[in-house]
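Have the model open as you read.

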Amino acid sequence: MKNKEKLLLVNQSIGEFFNDIILNLPLNNQISIFSGKYNYKLNKNIIFHKSTEYNNKSIKTRFVTWIIFTLDLCKFITLQKQKYNNILFVSNPPIAPIIGLFCKTSYSILIYDLYPEIIKKKYIKLSVIFPINIILKIWSKLNYITYKKANYIFTLTPEMRSSINKYFPDDSVNKEKIKVINPWFSSKINPIIINKSNSFKKAYKEEERLLITYSGNIGISHPIEFIILALPILKKSAKFVIISKGEIFKKLQKISKNLKLNSNDISFINPLKEKEYFESLASTDLSIVALDEFASKESIPSKTFNSLYFGKPIIALSYKSSSLSNLLKKYDCGFNIEPKKENSRILEKKLYYLNNNKNELKKLSNNCKKASEDFNPKNVHKLISLWLSN
């Protein structure tokens, strides 16, 4: 590995997953970050360049903040006197990696979500209308050229790699640079001591029923409403806690109120501090991870791997062909339910069975812990090593 390389990492909204990459970069390099938001403590050797924050309140604000950030990035790279040796673009926003076409610098791409594929699936009728269909075709063509020029294309699942492979149907050379890097549980978990009799457990855990939690953002790709509507038949076997915020979170509270559900069956609480979040994972019996049909093949939530570390079986609300569903089948560490009204009874039976067969729950828990061995923070070093190898 070369010394004193000038590195640039581009990600509009940096979360815990990507922050682990930053924390593990060799500090003998000159490291710069271009982002809209960074909530973590920066090493004094790392330079942070602030841009427009990602706003996911609506489809319009998403696209506007994506475009402003990308234009700002283009301006930044053009005017930046400092020349970088290597850039890591993240598909957040998904149009940012295209800037790599105009750089003489080596670059790689880390893909979380694959666009415009998600748009084509979610808005089938809209995507065939002129001039939107032309824009999407141009976007796909630019992706092809961008991917072809990149040193590496990092993905998080085999399913996503298969989707990207379609850009190179008869090109084995470019297919070789598409690398699957297994995600990982938070590197912050190990140092934190979890008190088994923590306040979360005292507040929500019961002997008679399972405790099931959902923690994270609730956006258009998270079909949590399925759980709320099914709760009248699920509450016999389980108590639910939804940990989130935002407009859809408030909407779910209203639905719950209309169904006359009470806090003994479902609790809505605001996002927890880091240690409290880990305590909630330690206390729960099962964790919910949700994705809708349009995002299920091209993404997998990072919180999945925190749940595996704590040995918490996963209830996946996604579709049969999803990356998440395939992961649960491979390791036998949970089960997948397609979030359709007619599947409420299937979920009811599964929860009833687990609540009355704790040995089966323990078996799933042990499988989760075993699976987490493949999703540990060592995978960060694999990604960094490949990125910096050029």
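Lys-251 is partly exposed, with a relative accessible area of 45%; here buried means under 20% relative accessible area, exposed over 50%, and partly exposed in between (1.4 Å probe, protein chains only). The model is a predicted one, where local features need pLDDT of at least 70 and side-chain atom pairs count only at pLDDT 80 or more, while totals for chains, interfaces and linings use all residues. Residues are numbered from 1 along each chain as its sequence is written, and side-chain values use heavy atoms, with hydrogens and water left out.

Which residue does Lys-251 pair with in a salt bridge? The partner is Glu-225, and the closest N and O atoms are 3.7 Å apart. A salt bridge here is a side-chain nitrogen of Lys or Arg within 4 Å of a carboxyl oxygen of Asp or Glu. This pair links distant parts of the chain, with Glu-225 in helix H9 (residues 225–234) and Lys-251 in helix H10 (residues 247–258), 26 residues apart. Helices (H or I, at least four residues) and strands (E, at least two) are DSSP runs, numbered from the N terminus. Glu-225 is also partly exposed, at 31% relative accessibility.

By the salt-bridge rule, the count comes to 11.

| Glu-225 | Lys-251 | 3.7 Å |

Asp-285 is buried at 14% relative accessible area, whereas Lys-205 is partly exposed at 27%.

Glu-348 and Arg-345 sit together in helix H14 (residues 344–356), 3 residues apart, about one turn of the helix. Is Glu-348 buried or exposed? Glu-348 is buried, with 18% relative accessible area, while Arg-345 is partly exposed at 49%.

Salt bridges also link Glu-206, Arg-209, Lys-235 and Asp-265 in a network.

Now for the nonpolar patch. Ile-59, Phe-63, Ile-67 and Leu-71 form it on the surface, with about 360 Å² of accessible area together (Shrake-Rupley method, 1.4 Å probe; for residues, only the protein chains shown count as cover). Patches are made of residues with over 30% relative accessible area and no salt bridge, with like charges joined within 9 Å and nonpolar side chains (Val, Leu, Ile, Met, Phe, Trp, Tyr) within 5 Å. Phe-63 lies in helix H2 (residues 59–79) and is partly exposed, at 32%.
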